[in-house]
Amino acid sequence: MASKLHFSLVSPAKELFSGEVDHVIAPGTEGEFGVLVNHAPFMTTLKNGVVRVLENDTTRMRLFVRGGFADVTPAGLTILAEEAVDLSTVDAAKVDAELEDARNKLAAEGKEGPHAATLKAQVDYLSDLKSAVVN
């Protein structure tokens with residue numbers, strides 16, 4: 001039996017991580033869940049949030065995902081994210097500026113504007129990303 005979990009996180013842009021880890025904690029739409037080696041198979045959807053990769057009890061990596069799917073199989077855990085970023089590479093000031101810009105565009109567009117739903121989703125995503133960077 002393997003002693004480590006094989007974990008891969010892939011976005012349309014690139015594979016952000018692939019390797020052997022002790023534990024992964026991910027933001028499922030039904031609540032946060034953890035996966036260890038030899039976990040029972042399941043598939044679930046993800047909400048915006050932080051995926052934490054742990055070695056022993058130490059967080060090795062924090063990756064922010066914008067939705068997607070998690071698939072646990074006997075071979076390991078694969079996360080297919082709509083968008084993903086390593087939080088250690090995120091510039092908080094840039095996120096603040098993008099969030100302010102998105103909020104201003106949404107305010108100018110109004111709630112009934114043709115792009116309101118897209119702008120609201122962007123504001124929500126950037127707000128979640130900002131919270132993840134701060135924490």
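**Questions on a predicted model**

Modeller: Buried residues account for 39% of the 135 residues in this chain, and the model is a predicted one.

Biologist: In which order do strands and helices follow one another along the sequence?

Modeller: The chain has two helices and ten strands. Its C-alpha atoms fill a box of roughly 60 × 25 × 25 Å along the principal axes. Read along the sequence, the elements give the pattern β-β-β-β-β-β-β-β-β-β-α-α.

Biologist: What percentage of the chain is strand over residues 5-84?

Modeller: UniProt, in an unreviewed entry, lists residues 5-84 as "domain: ATP synthase F1 complex delta/epsilon subunit N-terminal". The end C-alpha atoms of this stretch are 20 Å apart.

Biologist: Which residues have the most contacts inside the largest nonpolar core?

Modeller: In soluble globular proteins, nonpolar side chains tend to be buried together. Here the largest nonpolar core has 22 residues. Strands E1 (5-10), E2 (15-21), E3 (23-28), E4 (31-36), E6 (49-55), E7 (58-65), E8 (68-73) and E9 (76-81) each supply at least two residues of this core. Those with the most contacts inside it are Phe7, Leu9, Val51, Leu63, Leu77 and Ile79.

Biologist: Is Phe7 buried or exposed?

Modeller: Phe7 is placed in strand E1. Beyond its neighbours within four places in sequence, Phe7 is in contact with residues including Phe17, Val24, Val51, Leu63 and Leu77. Because its relative accessibility is 0%, and the cut-off for burial is under 20%, Phe7 counts as buried.

Biologist: What distance separates the C-alpha atoms of Phe7 and Ile79?

Modeller: Ile79 is one of the residues in contact with Phe7, and Val51 touches both Phe7 and Ile79. Along the chain, Phe7 and Ile79 are 72 residues apart. Their C-alpha atoms are separated by 8.0 Å.

Biologist: Among contacts between residues at least 6 apart in sequence, what percentage join residues at least 24 apart?

Modeller: The pair Phe7 and Ile79 is in contact and is 72 residues apart along the chain. For contacts in the chain between residues at least 6 apart, the part that joins residues at least 24 apart is 50%.

Biologist: Where is Asn56 found, and is this residue buried or exposed?

Modeller: Asn56 has a positive phi of about 55° although it is not a glycine. Its place is in the loop between E6 and E7. Since its relative accessible area is 65%, and the cut-off is over 50%, Asn56 is exposed.

Biologist: Which loop holds Asn38?

Modeller: Asn38 is not a glycine, yet its phi is positive, about 65°. Asn38 is found in the loop between E4 and strand E5 (42-46).

Biologist: Is Thr118 buried or exposed?

Modeller: Thr118 lies in helix H2 (residues 116-134). The C-alpha atoms of Thr118 and Ala102, 16 residues apart along the chain, are separated by 10.0 Å. Because its relative accessibility is 58%, Thr118 counts as exposed.

Biologist: How far apart are the centres of the positive and negative side chains?

Modeller: The chain exposes about 7,700 Å², of which carbon and sulfur atoms supply 53%. There are 13 positive and 20 negative side chains. The centres of the two sets lie apart by 4 Å.

Methods:
Residues are numbered from 1 along each chain as its sequence is written. This is a predicted model: local features need pLDDT of at least 70, side-chain atom pairs count only at pLDDT 80 or more; totals for chains, interfaces and linings use all residues. Side-chain values use heavy atoms; hydrogens and water are left out. A nonpolar core is a set of buried Ala, Val, Leu, Ile, Met, Phe, Trp, Tyr and Cys residues joined through side-chain atoms within 4.5 Å. Buried means under 20% relative accessible area, exposed over 50%, partly exposed in between (1.4 Å probe, protein chains only). Helices (H or I, at least four residues) and strands (E, at least two) are DSSP runs, numbered from the N terminus. Contact means heavy atoms within 4.5 Å. UniProt positions are given in the numbering used here, feature names are shortened, and annotations may be inferred rather than shown by experiment. Accessible areas come from the Shrake-Rupley method with a 1.4 Å probe; for residues, only the protein chains shown count as cover. Lys and Arg count as positive and Asp and Glu as negative; His and the chain ends are not counted. The place of a charge is taken as NZ of Lys, CZ of Arg, CG of Asp or CD of Glu.
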